[in-house]
Amino acid sequence: MAYSITPSDDGKYIIMKVTGNFNRQLAMQYNLESHTLGKSLGINRYLVDLTEARNLNTTVEDYEFAYKDMKTPEIDRTAIVAVMVSPGDHSHDFIETVARNAGLNTRLFTDRDLAIRHLLQAG
């Protein structure tokens with residue numbers, strides 16, 4: 001498991017790239033680091049690349065992540081998040097549903113260009 005967090009070349013969004021399996025605790029660590037960088041740069045849009053990562057959480061853990069973990073003050077709940085996933089990987093589907101139901105602006109994509117377009121046009 002590895003990850004990187006960097007601003008995009010144009011400085012309009014933060015890119016988080018995760019490889020390998022991850023769980024709720026790791027996802028929260030990555031999100032906290034991403035949002036800390038975003039706040040320091042005045043950016044509230046995030047491209048999360050999970051095309052080489054698999055969510056190992058149970059549905060209960062996904063629910064708790066969206067409704068409990070992501071309510072910490074360090075997380076910008078107004079952020080726009082585009083999550084890129086591999087076409088056959090459905091391990092991220094439920095977290096999109098519960099995140100959106102919890103009021104987070106999160107959407108899954110399998111196409112990078114569409115994800116970036118969403119980030120730049122949203123809001």
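Contact here means heavy atoms within 4.5 Å. Helices (H or I, at least four residues) and strands (E, at least two) are DSSP runs, numbered from the N terminus. The model is a predicted one: local features need pLDDT of at least 70, side-chain atom pairs count only at pLDDT 80 or more, and totals for chains, interfaces and linings use all residues. Residues are numbered from 1 along each chain as its sequence is written, and side-chain values use heavy atoms, with hydrogens and water left out.

Start with the sheet. Five strands form an open sheet in the order β1-β2-β3-β4-β5, with mixed pairing; two strands pair if DSSP finds at least two bridges between them. Strands β1 (2-7) and β5 (105-109) are at the edges and have a single partner strand each, so one side of each lacks a neighbour in the sheet. From one strand to the next the twist averages 20°. Strands of a sheet pair through backbone hydrogen bonds, either parallel or antiparallel.

Next, follow the chain through the parallel pairs. Strands β2 and β3 run parallel and are joined by eight bridges. T19 has E52 in β3 as its bridge partner. The term right-handed means that, with the strands pointing away from the viewer, the path from the first strand over the helix to the second runs clockwise. Strand β3 (residues 45-55) is also parallel to β4 (residues 80-84), and five bridges join the two. Y46 stands opposite V81 in β4, and V48 has V83 in β4 as its bridge partner. The crossover from β3 through α2 to β4 is right-handed.

Helix α3 (residues 93-101) lies across β3 and β5, and runs at about 155° to β5. For such angles, axes are lines fitted to C-alpha atoms, for helices over the stretch in contact, and the angles run from 0 to 180 degrees between N-to-C directions.

Now look at what is covered. Buried means under 20% relative accessible area, exposed over 50%, and partly exposed in between (1.4 Å probe, protein chains only). In β3, eight of the 11 residues are buried. A nonpolar core is a set of buried Ala, Val, Leu, Ile, Met, Phe, Trp, Tyr and Cys residues joined through side-chain atoms within 4.5 Å. The largest such core has 27 residues, of which V18, F22, V48, L50 and V83 touch the most other members. Two or more residues come from each of β2 (14-22), α1 (24-41), β3, α2 (59-67), β4 and α3. Apart from neighbours within four places in sequence, V48 is in contact with M16, V81, A82, V83 and M84. A second, separate core of 10 residues includes Y13, I15, I80 and F109.

The structure has seven salt bridges, each a side-chain nitrogen of Lys or Arg within 4 Å of a carboxyl oxygen of Asp or Glu. One of them joins K17 and D49 (3.5 Å, N to O). K17 is in strand β2 and D49 in strand β3, so this pair ties together parts 32 residues apart in sequence. Both K17 and D49 are buried. R24 forms a salt bridge with E64, with the closest N and O atoms 2.6 Å apart. This pair links helix α1 to helix α2, 40 residues apart. R24 also forms a salt bridge with D69, with the closest N and O atoms 2.5 Å apart.
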